[in-house]
Structures are given as structure tokens and as C-alpha cells.
Amino acid sequence: MRAQFVLSEIGVGLRRNLTMTIAVIVSVALSLALFGGALLGLKQVSVMKGYWYDKVNVAIYLCNKGDAESDPNCTEGAVTAAQKKAIETDLKKLEPVEQVIHEDSQEAFNHYQDQYGNSPLAQSLTPDQMQESFRVKLDDPEKFKVISSAFTDRPGVQSVQDQRDTVDKLFELLNGMNMAALALMGLMLVVALMLIVNTVRVSAFSRRRETGIMRLVGASSFYIQLPFIMEAAFAGVLGAFLASVLLGGGHYFMIDHGLNLADKMPLVNFVGLNDVFAVLPFVIVIGLLMPGLAAFLALRKYLKV
Amino acid sequence: MIRFDNVSKTYPKQNRPALRDVSLEIERGEFVFLVGSSGSGKSTFLRLILREERASQGQVHVLGKDLGKVSNWKVPHIRRQLGTVFQDFRLLPNKTVGENVAFALEVIGKPRGTIRKTVPEVLDLVGLGGKEDRMPGELSGGEQQRVAIARAFVNRPMLLIADEPTGNLDPQTSVGIMKLLDRINRTGTTVVMATHDQNIVDQMRKRVIELEGGRLVRDQSRGVYGYQH
């Protein structure tokens, strides 16, 4: 009896305010999609960090013959075989070093051609222009300082580079995008909340006859407010559902199909669909609670009980 | 049933109190007319009984409860024991007569069986038997007010508050409504009725309470309207 009564009231209320309801649903959907997107972005960054920090090493670039004039560290010209040998032995003696890989200029050239082979710059390069290097894998990436202080000023060493700096810039960019998404979500949320408050106000006004009578005959305030709150929560859940579809669809089209980033960027380990599903419960719960709460607060102002 | 102890009411942002130092008592089963010109404090008096407003000073007791001390969430339970009727009927135009009456029971969570049994009974009582499925718009003013009375009475309240129930009706129809209210009063329900209708007050010869500028100026059993307006 009660349930049926409340449900029919909700239906009437939502249809009466159809345009406003649609506006609420869309704005809730967008803000929740941004929220879910930001959560996925954070997840993406941590996945990538784990993956890259594992791969990324310290690179010790050695002088090649072209550097003699241009680089103050390489005034003696190209690195000699003896210097290389000494560097390698010393590297292997150091505590945090796990593995040392020597990459000669031909290998560096091949790598570069693999990655950027189509660009005009790559086509004009020759193997002897590429830099020879040692790739050093550390058991703890934080111990970069040990390597850098030991080898920066050695003859034949052009520079020591912590490759984490490079990926960290990428992560900073990704984090920045997450922050932007969160800020946008905040704005959309404010818009959604204001729409909900306004919807409730209009709804309360158009139903003031009913609510007035309910009040007079002694309906409890909970019972009077419930249809309004359920209305907002229902619109919120529809919005959350739409946001879920957007997130799932976004993942589908951007990563697995359509844009197909998974194939285009094989080096990046993307978040999976299971990560998307892990985010959805948060999206739905927020979609349910946030509009309901907003409606409840709006009613205190616009519905005398 | 109702007791006012030195009750004053001043609305926010107004200097002149709407009700000043009113003390009176209304016993169970009484029929009381509340008279006075517009702005004399009749509406405030009724709103205090319904706990739509709280007294600024003094105590209002209704059904043995000090309304100043009743917390907000308990107010609905008090209102369930009161019935209210207004000049403008306040029916829901998109619901039938029967649904309008049933609405009062639905929203306080009465079971469907009770509602199905009670609504026709009370419609019979107010003389609208068989008009359950009509829309309020199809009824005359007097009939609409009967629907409103049925709605107010369907939960068998101890106290019926009527704010100018005949204000929109012609004299003949008004007499019918008064007979109905009198019959309800005879079942033991206390009736407090604010009115401007001199003929009715003079004919009924019930207790008359007169307010003027927020003060109680007359409280007379078997009284008459008593002043020209």
C-alpha cells in the first residue's frame, strides 16, 4: 500500500518535471563519469608506475666522436675501449646494481629506428651518430645518486641520466589530467546539486496542495519528504547508470576498439575492464546518495513540515 | 481539550502582537464559535491549536499536551487526532471524492482494508453516499465542503477545527453544513469554528469567543454574534 502510493507519487513527480529531470540525469551522469574517469586515471598511473619503474634504469651515456667539440665532458673525444671496460667493472662492483647492459651505437640506432622509423629525422641518422650507453638496472630505483656521483665526472662519460625523470614527467602530466578531471567533476557536481535543489523547489511548489493536506492530516515529515527524496535519488541512479555506460563504453572504444590505444601504444599497460567494473559501485552509490541528500537539504528550506 | 494560559503571539518582524495574553479553556464535547473582525487574531488562535505556530509567551495545551514542549517530529501524531476544514475546501482536483477522503488515511499509513471500509461510511455520514467516484469539480460548493468535512472526520478526531467553513457558501447551503457540524459535535467531537456568519452564530446559540486586536474580549455561553461589521 505505502510502497505503491510512494512509487506512483515518484512517477507523477518525475513526469511533471521532465525537462528538469533530464537535466539532472545528464549533469549527474557527466559528473559521475568524470569522477569514475579520474579514479581510473589514478589507477592507470599506478599501473604504469609499477610497470615502468620496473623497466626504467639509469642510463650512462658515453661520449662518441662527434661530441668532442660540443660537449665539455667529452673533450678527449670518443670513449676508449679501456674506459668502457673500467666503467663496466666498476659498475658491477657497486652494491645497488642488479644488472648492466651495454648498448652500442648500432643497437641504439636499431631501437630508434624501431620506434621512430617513419620520421624524417630518423631516416637521416646514421649508426655512428647514436650514443653508446650502459643501461644499469638498480635493485632500488631510489639509489640513483650512488651511480650518478660515481660516474658523472669519469672520462668518457657524457652524462648519467635517471630515466625515471622522463617517465615522471609523463606521470605528472597524467596526474594533472586527473586533477583537471576532478576539478571539472567538482564543477559539474555543483551544477548537478543546484539543479537538484531547483527541481525539488519546483516540485515542492507544484505539490504544495498535496503536502499541505498531508501535513494537516498528520502525515509524518518523513512520509511527506520521501517522494521528493526518492525522485532525486531515482534520477541520480539513472545518471549513475548512464555514467557507467559512458565509462564502460569509453574504455571499450578508446582502448580495445575504435581508437584502439592498446594496439597503438603497446608499451603502455592499460587499465582493464575489470578495473572499470571496480569503479562502478562507487559511482552508483554516490549517484544514489548525493542527489538524495541534496533533495533532503533542499526540502528543509522549501517544504514546511 | 484546549487550554490557553496567558498566550501571546508576536510574528517575527512585527511589533504588534497577533494575540495578547489570551487565557481560556474549551472542554471536551463543546461547540465553540470564534468571532472577530479580520486581523483580530482568529487565524493565529487556530494556528496555535494546530501547532502551525508556537506561542511567543504562555502555554497552549491541546488534548492534554503542552504544544510548546512537543518536539517537531511528534506533531504529526497530534494532528492525527485533529480534523481541519477550511473556507476553500482544499480538495485535490485530480482525485475523486473517495480518493480525496482516502488520501488522508493513506498518508498516515492506514491499511487498505480499513480505508475501503471507512471511506464509504464517512461519505454516507456527510450525506454524499454514492458520490464516491465523482470529481470535486463536478460537485457544488456545499458538496465539496462536505467532502472536506468527511476527510477531516474520517480518522474520528477528538477535535474539529473549522476556519470559516461556510465563508464561500450561500446561506441555505451553510445551514446544511452547520447541521452536519452539529451532528458531528453530538458524537462527542469538540468543534471550534471561526466565522463571520452572523446568522449562523445567532441561530445556533453556542458558546461564543470574541477576539479584538488580539485580546479576548468576550466569552459567552449560548452567545450571539454580537457586533456589527
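Both faces of strand S3 of chain B are covered: B:Phe31, B:Phe33 and B:Val35 on one side, and B:Val32 and B:Leu34 on the other, are all buried. Here a residue is buried if 20 or more other C-beta atoms lie within 10 Å of its own, exposed if 12 or fewer, and partly exposed in between, with C-beta atoms placed from the backbone. Helices (H or I, at least four residues) and strands (E, at least two) are DSSP runs, numbered from the N terminus.

This is a predicted model, in which local features need pLDDT of at least 70 and side-chain atom pairs count only at pLDDT 80 or more, while totals for chains, interfaces and linings use all residues. Residues are numbered from 1 along each chain as its sequence is written, and chains are lettered from A and ligands numbered from 1 in the order in which they are written.

**Strand S3 and its partners**

- Strand S8 (residues 190–194) of chain B runs parallel to S3(B), joined by 4 bridges; two strands pair if DSSP finds at least two bridges between them.
- In this pairing, B:Phe33 stands opposite B:Met193 in S8(B).
- Strand S9 (residues 207–212) of chain B also pairs with S3(B) in the parallel sense, over 4 bridges, and here B:Leu34 stands opposite B:Ile209.

**The nonpolar cores**

- A nonpolar core is a set of buried Ala, Val, Leu, Ile, Met, Phe, Trp, Tyr and Cys residues joined through C-beta atoms within 7 Å.
- Which members of the largest core, with its 69 residues, touch the most other members? They are B:Leu34, B:Val101, B:Ala150 and B:Leu160.
- Leaving aside neighbours within four places in sequence, B:Leu34 is in contact with B:Lys42, B:Phe45, B:Val192, B:Met193, B:Ala194 and B:Ile209; two residues are in contact if their C-beta atoms, placed from the backbone, lie within 7 Å.
- A second, separate core has 45 residues, including A:Ile10, A:Phe234, A:Val271 and A:Met290.
- As background, nonpolar side chains tend to be buried together in soluble globular proteins.

- Helix H3 (residues 97–106) of chain B has 9 of its 10 residues buried, so it is largely enclosed by the rest of the structure.
- Among the buried residues of H3(B) are B:Asn100 and B:Glu106, along with B:Val101, B:Phe103 and B:Leu105.
- Helix H7 (residues 198–204) of chain B holds B:Val201, which counts as buried because it has 21 C-beta neighbours inside 10 Å.
- B:Val201 and B:Tyr225 are 24 residues apart in sequence, yet their C-alpha atoms are 5.5 Å apart in space.
- Beyond four places in sequence, the contacts of B:Val201 include B:Phe33 and B:Val35 of S3(B), as well as B:Thr195, B:Val208, B:Val224 and B:Tyr225.

**A four-stranded sheet**

- Chain B has an open sheet of 4 strands in the order S2-S1-S4-S5, with antiparallel pairing.
- Its edge strands are S2 (19–26) and S5 (65–66), each of which pairs on one side only.
- Strand S4 (residues 57–62) and S5(B) run antiparallel and are joined by 2 bridges, with B:His61 opposite B:Asp66.

**Chain B as a whole**

- Chain B contains 7 helices and 10 strands.
- Of its 229 residues, 42% count as buried.
- A compact globule of 229 residues would have a radius of gyration near 17 Å, and the 18 Å of chain B agrees with this; the radius is taken over C-alpha atoms, and the globule rule is 2.2 Å times the number of residues to the power 0.38.
- Its domains are domain 1 (1–81 + 157–224) and domain 2 (91–156), with bounds from an automatic or database domain assignment.
- The C-alpha centres of these two domains of chain B lie 24 Å apart, and 11 residues of domain 1 are in contact with 11 residues of domain 2.
- Helix H6 (residues 171–186) gives the largest share of the domain 1 side, 5 residues.

**Where chain A meets chain B**

- The contact takes 15 residues from chain A and 16 residues from chain B.
- On the chain A side, the largest share, 6 residues, comes from H9(A).
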